Amino acid sequence: MNLSSSFQQRRKENFLSPGTKDERLTKIKEVSKMDKTNSNDVKRKSVISRNLESRIDKSKNEEKGFVLVVGMIVMSVLLLLAVPFLYQLSSENRLTSKSYKSSAAISLAEAGVERAIWELNYGDMSSWSGDSSLRTMTISSLQASGGNVIGDIDIKVVEPDAENPVVESTGTVAYTDSLTLISKTTRVVLKSGGSPPLFSHGAFGDEEVDIESNAILDSYDSRNGLYGGSNIGSQGHVGTNGTHYGCIDMNSNAKVYGNVFSGSESDPDSVIITRVNAQIYGEKRALDHPKEIPSIITPDGLPFRGDYSLGTDDVLTISESGEYTSLRLDSNAKVTITADVTLYITGEFSLLSNTQLEIAEGANVTIYLGGSFVQSSNSEINNLSQDPSQLLLLGTDSFNGVMEWNSNSQFWGAVYVPRSDVSFNSNADFFGSIIAKRLDSIASNARIHYDEALTDLYIETASESSFFIVKSWQAKPSQ
Amino acid sequence: MKLRKFNQEKFKPEGFTLIELLVIVAIGSFMVLAMLSLYVAGQRYFMNGSARTDVLRDNRQVLNWVSRDLKEGIQVLPSWDVYTTSSDCLVLQVPSLDSNGLIIDIDSQFDYIVYRLNSEYPNRLERIIDANDGVSNREDSSRVIATRADSFQLSSEGVDLSSVSDFSQVSRIEVTLITAKNLLGRTFQETLRTGVKLRNKSD
């Protein structure tokens, strides 16, 4: 009994025991041997061992390696197909990646040039390394808004104090790894003589801006045609140089489709107040630097025309420039300007009931205001070109009273009255830009559409800023 | 003994019947055919891919040349020598360069670069340089920069250059280049377009 149970135990172990086939076979043979010595169990054991051997033989027969061979053939075919695909993918990827990295390096170099020009015009270069013959600065690991590092910028400014400083800016971007670098250098020679754009905002008050309820400021570009449809932009910026609380006051439902700027180095949240539902669709921020509000240079040597006073249904056509002591229009009088002229009105300029100032299509007109400006709500200034850059109203230093803008008809033009407070009472469309000492109230329901093309309009002013602009530009050949 | 006999019986070689052979040959040929067709498809795919890459690379290279010259351009001229600016010919005034490749004087020293499709072989895009002899480091040359140019179109602010009347107002040029390659009866085409501002144009 004991022997029999020990056999059963070993048989069970052999059958279940893990190990190689040979080990298992050896064990089976052992079992067979033991079977021979124990005649009581011989018959039973031989049946068991036969069963086991037949199992092993079966498993031997199944292991022919056919699946492996087929698998290898399939794999090699797939590999054969994948190689050209991978090759093509990698070459296209390399091409695209290189082009992308080069563009990034060029953009970095350009950004460096812009930085240097800004620093020369508004900033202070003394904190840069070097001396007055060569200033350098490195911006390392410039990051995109998502936090990804784009690359480095090396900026060199040769003779920053000279008449023609030379800026060389190199953008460097790591290509595939940090050891392979793509560098692009931009070389720019500067010249002085430019001035910052005067009409950079839709509405700018040197000291303050007050926007009444429901007024809307947005933008368009007259170079693309008239306002409307797809030609409506969100550059209708509003700004002030004022830095104290509430310098810009936006009343309920007033909307600015652009940025609203408080004075340089001020807290925009305290300077700009937005009341119930007033909306700024751009940013609310401080100016990078104070906006210069230069004086207008009064024109010299214009033929003297004296006083002009037009009464009931009088019509006057102006085709030549001139200096007027006053120009008064009353009761349906009409003045038509037919050519490119400059008018300098040293005294009163008034457009009273039902009067019209008409600028013929194509005529460029500049009107210098030196005294006062009076306008009735039913008077009209018709700029038939419908191009704001063709009608300029410029206030000299002596134009320092209150300017009431009352006309309720559409206006295309640029108004710059730096020493005057403007009460903007019109609620008709105003296309262009308006800059004043104070924009006291931009009326309820007023609609000011800033013309983006005015940024390129140059007006000779008494600006003191020596402003560098680009004289020559080139992508510097690699050494 | 009984066990051995049993195994021998099981693995006794018997050979193949004709049917079995035929089936094997059929299956084998089917597999070879399948692999062959896969290989051919793969090779065609590779050739197509490399043709497309070639066409794209050519296009990019040429556009890089053109945009680099345009960026440095002072102005587009209506004509120069025997060349006239049109929708597929560009005459560009660029500043002369010194031996270091730097601009000499943007106000007085100029070279001229012409891009045009060759009149005899319209698929060839040429870059012709007429340098300011003795001053500029550039050399007079005429070089084919693309042999697969299918179309080279120039416009400014959306207006075809052949319709521009006043070139002094042109400060931005759009270039559209189509490069193409024929391979085994198939045409591979790439169209790239770029807009470049003349950075040295005086206002």
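Analyst: The account below begins with the contact between the chains and then turns to each chain.

The model is a predicted one. In it, the contact draws 20 residues from chain A and 24 residues from chain B. On the side of chain A that touches chain B, the elements that give two or more residues are helix H3 (42–62), helix H4 (66–121) and strand S30 (467–476) of chain A. H4(A) supplies the largest share of that side, with 10 residues. Sorted by class, the side of chain A that touches chain B holds nine nonpolar, five polar and six charged residues.

The partner of H4(A) to be considered here is helix H2 of chain B, residues 18–72. Two packed helices are described by the angle between their axes and the distance between the axes. For H4(A) and H2(B), the angle is about 10° and the axes are 8 Å apart. Angles under 35 degrees count as roughly parallel, and H4(A) and H2(B) are therefore roughly parallel to each other.

From H4(A), the residues that make this contact are A:Val77, A:Leu80, A:Leu81, A:Pro84, A:Phe85, A:Gln88, A:Ser91, A:Glu92, A:Leu95 and A:Ser99. An α-helix has 3.6 residues a turn, so residues three or four places apart point the same way. From H2(B), the contributors include B:Met35, B:Leu38, B:Tyr39, B:Gly42, B:Tyr45, B:Phe46 and B:Gly49, and also B:Ser50, B:Thr53, B:Leu56, B:Arg57 and B:Arg60. The residues of the contact of H4(A) with H2(B) comprise 12 nonpolar, seven polar and three charged.

H2(B) can also be checked for its length. Its 55 residues, at 1.5 Å a residue, should span 81 Å, and the end C-alpha atoms are 80 Å apart, which agrees. The buried residues of H2(B) are B:Val55, B:Asp58, B:Asn59, B:Val62, B:Leu63, B:Val66, B:Leu70 and B:Glu72.

Among the contacts in chain B between residues at least 6 apart in sequence, 53% join residues at least 24 apart.

Within chain B, strand S4 (residues 89–95) is mostly covered, since five of its seven residues are buried. S4(B) is joined to strand S1 (residues 75–76) of chain B by two bridges, and these strands run antiparallel. In that pairing, B:Val76 has B:Leu92 of S4(B) as its bridge partner. S4(B) also pairs with strand S5 (residues 110–117) of chain B, in the antiparallel sense and over seven bridges. There, B:Val91 stands opposite B:Val114 in S5(B).

Residues 24 or more positions apart account for 55% of the chain A contacts with a separation of 6 or more.

One sheet of chain A is open and has four strands in the order S16-S18-S21-S24, with parallel pairing. Its edge strands are S16 (315–318) and S24 (380–383) of chain A, each pairing on one side only. Neighbouring strands of this sheet are turned by 15° against each other on average, direction ignored. S16(A) and strand S18 (residues 334–337) of chain A pair in the parallel sense over four bridges, and A:Val315 has A:Lys334 of S18(A) as its bridge partner.

Note on methods. Residues numbered from 1 in each chain as written. Chains lettered and ligands numbered in written order. Predicted model: local features only at pLDDT ≥ 70, side-chain atom pairs only at ≥ 80, totals over all residues. Contact = placed C-beta atoms within 7 Å. Nonpolar A, V, L, I, M, F, W, Y, C, P; charged D, E, K, R; others polar. Axes fitted to C-alpha atoms, helices over the stretch in contact; angles between N-to-C directions. Parallel < 35°, antiparallel > 145°, perpendicular 65-115°, else oblique. Pairing = 2+ DSSP bridges. Expected span 1.5 Å × (residues − 1). Buried ≥ 20, exposed ≤ 12 C-beta atoms within 10 Å, placed from the backbone.
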